[in-house]
Amino acid sequence: MHSNVRESTLVRLLSLLGPRKWAYVLWLLLEAGTIATCFNIVLAFVMKDVLDAAVQGENVLLRRALIIAGGTLLGGTPLFLLSRYMVKRTVLKTMTALRVRVFSRIVDKSMSRFERGHSGDLVSRCTNDLNVIEGVYDNQLYGLAISII
């Protein structure tokens, strides 16, 4: 049952993205893939060549490491920045839509609902919950995507 709860929560979080869901997933996977591939896996090979060049004294390995590092930096950085921008843009649009939905739901409540409870509690709960959702979209799902890749 525990995995069903997680799965349904993930599905619900993705459904809140609405029509931006697939764009978000695509850009998130591209961003995570760029970080995982370009800046983690390639870095390991570059470090291997640098260490081998230091041990063996071969400049060819050092030149190869510099070319690979430079190529990865030149190719990976724009791709990472573009995908990060698109993820952030999608998250901001989604959070704006969610805030509008929450506000319209609050406005539709009767005055007696607000008289029974403290209004600051409702505002605080809405603000904090929306900030948590934004953090999930911006950080936790990114970490999950990197772990998967």
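## Residues, helices and rings

Asp-108 lies in the loop between H3 and helix H4 (111–116). The model is predicted: local features need pLDDT of at least 70, side-chain atom pairs count only at pLDDT 80 or more, and totals for chains, interfaces and linings use all residues. Residue numbers start from 1 along each chain as its sequence is written, and side-chain values use heavy atoms, with hydrogens and water left out. Helices (H or I, at least four residues) and strands (E, at least two) are DSSP runs, numbered from the N terminus.

Asp-108 counts as exposed, because its relative accessibility is 65%. Buried means under 20% relative accessible area, exposed over 50%, and partly exposed in between (1.4 Å probe, protein chains only). Lys-93 belongs to helix H3 and is partly exposed, at a relative accessible area of 42%. Ile-149 is placed in the segment after H5; with a relative accessible area of 46%, Ile-149 is partly exposed.

Each of these residues can be set against another one in the chain.

| Pair | Apart in sequence | C-alpha to C-alpha |
|---|---|---|
| Asp-108 and Asn-131 | 23 residues | 22 Å |
| Lys-93 and Thr-9 | 84 residues | 20 Å |
| Ile-149 and Ala-36 | 113 residues | 6.8 Å |

Next come two helices. The axes of helix H2 (residues 21–56) and helix H3 (residues 59–107) come within 8 Å and cross at roughly 165°. Axes are lines fitted to C-alpha atoms, for helices over the stretch in contact, and angles run from 0 to 180 degrees between N-to-C directions. H2 and H3 are therefore roughly antiparallel to each other (under 35 degrees counts as roughly parallel, over 145 as roughly antiparallel, 65 to 115 as roughly perpendicular and the rest as oblique). The contact of H2 with H3 has 23 nonpolar, seven polar and five charged residues. Here Ala, Val, Leu, Ile, Met, Phe, Trp, Tyr, Cys and Pro count as nonpolar, Asp, Glu, Lys and Arg as charged, and the others, Gly among them, as polar.

A search of the whole structure gives one aromatic pair. The ring centres of Tyr-24 and Tyr-137 are 5.8 Å apart and the planes are at 70°, so this pair is edge-to-face. Rings of Phe, Tyr and Trp (its six-membered ring) pair if their centres lie within 6.5 Å; planes under 30 degrees apart count as stacked, over 60 as edge-to-face and the rest as tilted. The pair joins distant parts of the chain, with Tyr-24 in helix H2 and Tyr-137 in helix H5 (residues 119–148), 113 residues apart. Tyr-24 is buried at 1% relative accessibility, and Tyr-137 is buried at 0%.
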